[in-house]
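Hi,

Here is the structure I promised to pass on.

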Amino acid sequence: MKRSLFFLLVCIVASCKQIVENKGNQSMLQKIVETPARVEISKKGEKYRLLVNSEEFYIKGAGLEYGNVPALAEHNANSFRTWRTENGQKSAKEVLDEAHKNGIMVTMGIEVGRERHGFDYDNEVMVQNQLEDIKNKVLAIKDHPALLIWGIGNELNLHYKNPKVWDAVNDISKMIHSLDPNHPTTTSLAGLSQKEVDYIKERCPDLDILSVQMYGDLPNLPYLIKKFGWNGPYMVTEWGATGHWEVPTTDWGAPIEENSSLKANNYLKRYQGGIAADSLQCIGSYVFLWGNKQERTPTWYGIFLENGKETESVDVMHYLWNRKWPENRTPSIEKFVIEGKTAYDNVTLEVKKQYSALLNVMDHEKDSITYSWEIMRESTDLKDGGDHEIRPKVIEGLIVSQKENKIIFNSPPKGAYRLFVYASDGNNQAATANIPFLVE
């Protein structure tokens with residue numbers, strides 16, 4: 001009996017020891033998993049490189065706030081950027097956890113007060129409170145293994161006058177480096193000018209990387225970098241469709257959005273001319289936008305539609321990231337007209353009349369195409385710098401009949417509108433275009 005009791009006690013002790021050891025192993029494994037990546041900038045000769053744990057990491061990325069992270073990984077991107085640590089749907093840690101799960105690293109945006117939104121950089125209390133708030137955000141996620149770079153503010157040079165904002169950016173960068181020796185810092189400029197380059201060099205010497213956001217003028221960026229005397233590394237943190245401020249307008253002032261095929265062609269040209277063309281200083285880029293948003297229209301900047309379907313620009317990014325086209329290609333637009341007129345023809349209609357619209361597309365695999373149409377008023381909630389805009393409502397009951405790629409519709413009451421069309425191939429891919437028109 002005593003021997004049995006002794007044997008039982010030995011077993012209990014051994015089991016407890018094993019549990020402790022297992023917990024210790026789990027704890028050690030957890031520490032290994034949570035080890036931050038060592039990210040640094042290296043220069044050899046004239047060439048800058050971004051290194052992650054001593055391995056070169058050229059950024060093949062996209063701007064992503066609420067977009068599809070698994071799809072980004074499937075297309076072989078290696079990074080995405082955010083604009084803030086808390087996006088209203090997910091915490092910074094949740095964003096980083098999802099990225100890590102999909103083998104992707106994150107340039108984590110940090111919200112910094114903008115002068116155009118009322119932030120006063122002459123107010124020392126406001127500036128100090130902002131610094132302390134950012135410090136807490138940095139401490140919360142600085143050791144996450146998916147963290148790549150800290151992005152301090154976004155387009156702080158847009159509609160501003162007080163250069164003290166750059167002093168604040170430099171102080172934020174210094175604070176980050178004091179807490180986190182593993183990750184570089186950057187700030188993203190709207191465009192590039194001599195004034196901003198001079199300010200960054202003079203007032204933000206603690207930054208590791210310069211970031212530039214440019215659209216139609218992107219092919220000029222390598223030239224402008226040299227012209228304005230930026231000699232360090234840089235990345236392009238937003239680029240994509242021709243900006244609504246860069247396109248032709250109708251006689252009544254509506255900007256003319258390029259169709260999804262023209263956009264895709266421009267994405268390819270701009271990447272080749274403005275990003276790939278500089279192999280010495282440019283360390284990569286983030287295409288805008290891996291998702292969808294309302295900005296002038298619901299289709300202008302997102303390379304996904306509101307229903308999650310991929311446009312032709314996703315095909316282009318797949319090609320750039322993989323050096324081959326996806327197995328199934330998105331339909332391409334050949335012709336879109338209202339009564340034979342394109343978006344560039346100042347389409348003017350009369351009230352209480354019927355009109356026709358036609359879309360012709362080409363599909364590489366000859367998939368069966370389905371079409372959907374909608375009419376909405378021209379947007380009047382117009383903001384700057386990507387600030388939130390309200391999407392115009394679709395006007396129901398105007399489409400009289402639809403036969404494949406052609407519709408007959410009634411003109412709405414007087415005012416400015418757009419006719420949108422979507423052509424889907426049944427493989428989660430769709431072409432889109434819109435024509436602004438005026439009813440008189």
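When I say contact below, I mean heavy atoms within 4.5 Å. With that in mind, T82 is in contact with L64, V95, V106, T107, M108 and G109, once its neighbours within four places in sequence are set aside. Please remember throughout that this is a predicted model.

On confidence, the chain has an average pLDDT of 93, and 92% of the residues reach at least 70.

Now the fold. What do the strands do? A set of 8 strands closes into a barrel, with parallel pairing and the order β4-β5-β6-β7-β8-β9-β10-β11. From one strand to the next, the twist averages 25 degrees.

I looked at one pair of strands in more detail. Strand β7 (residues 147–154) runs parallel to strand β8 (residues 185–190), and 3 bridges join them. Opposite N154 you will find S188 in β8.

Is T82 buried or exposed? Its relative accessibility is 4%, so T82 counts as buried, the cut-off being under 20%. Its side chain also reaches a backbone atom: the nitrogen of G109, at 2.9 Å. G109 is among the contacts listed for T82 above, too.

The other loop residue I followed is Y215, located between β9 (209–213) and α7 (221–227). Y215 is buried as well, because its relative accessible area is 6% and the cut-off is under 20%. Which residues does Y215 touch, leaving aside its neighbours within four places in sequence? The list is E238, W239, G240, A241, G243, W245, E246, R270, F288 and Y301. With one of these, E238, there is a polar contact of 2.5 Å between the side chains. For a sense of distance, take I59, which is 156 residues from Y215 along the chain: the C-alpha atoms of the two are separated by 18 Å.

Cheers

Notes:
Residues are numbered from 1 along each chain as its sequence is written. This is a predicted model: local features need pLDDT of at least 70, side-chain atom pairs count only at pLDDT 80 or more; totals for chains, interfaces and linings use all residues. Side-chain values use heavy atoms; hydrogens and water are left out. Helices (H or I, at least four residues) and strands (E, at least two) are DSSP runs, numbered from the N terminus. Buried means under 20% relative accessible area, exposed over 50%, partly exposed in between (1.4 Å probe, protein chains only). A polar contact is a pair of N or O atoms within 3.5 Å; within protein, one must be able to donate a hydrogen and the other to accept it, and residues adjacent in sequence count only if both atoms are side-chain atoms. pLDDT is the predictor's confidence in each residue, from 0 to 100. Two strands pair if DSSP finds at least two bridges between them. Axes are lines fitted to C-alpha atoms, for helices over the stretch in contact, and angles run from 0 to 180 degrees between N-to-C directions.
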